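Here are a few exercises to work through with the model open. Try each task before you read its solution.

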Amino acid sequence: MPKLDLDAIELVSSTGYPEPFDRVVAGRWYRRLAPPGGLTRMGASHVVLKPGAWSSQRHWHDGEDELLVMLSGEAVLIEDSGRTMLRAGDICAWPKGETNGHHLVN
């Protein structure tokens, strides 16, 4: 069955960012959805941001597209062109190679 059980997927808060860049993502919790879904050609994550947490450091992707679907709550999208409030139901897309550095802040 293609339906994933979120509660059965490990929720982690680890990061590969070194000190001091790891501090701002300390309140970010995520589940990697691609492996349990058997997906091998795309990544997918379910991310929860505690108040004040960042989704990541500002970044872009050279080799893959990025799609964000806001499921609940509010967060501020920060990118090269400024700040945008995102709310439940909002969707953002960045094509691979677009050098528009972005991240979310709750």
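**Exercise 1.** Is L67 buried or exposed?

*Solution.* L67 has 60% relative accessibility, so it counts as exposed; the cut-offs are under 20% relative accessible area for buried, over 50% for exposed and partly exposed in between, with a 1.4 Å probe and protein chains only. Strands here are DSSP runs of E with at least two residues, numbered from the N terminus.

A word on the source: this is a predicted model, where local features need pLDDT of at least 70, side-chain atom pairs count only at pLDDT 80 or more, and totals for chains, interfaces and linings use all residues. Residues are numbered from 1 along each chain as its sequence is written, and side-chain values use heavy atoms, leaving out hydrogens and water.

**Exercise 2.** In what order do the three strands of the open sheet run?

*Solution.* Start with the order: β5-β4-β7, with antiparallel pairing. (Two strands pair if DSSP finds at least two bridges between them.) Then look for the edges: β5 (82–87) and β7 (102–105) each pair on one side only. From one strand to the next, the twist averages 25 degrees.

**Exercise 3.** How many helices and strands does the protein chain have?

*Solution.* Count one helix and seven strands. Read from the N terminus, the elements go β-α-β-β-β-β-β-β.

Terms used: Helices (H or I, at least four residues) and strands (E, at least two) are DSSP runs, numbered from the N terminus. Axes are lines fitted to C-alpha atoms, for helices over the stretch in contact, and angles run from 0 to 180 degrees between N-to-C directions.
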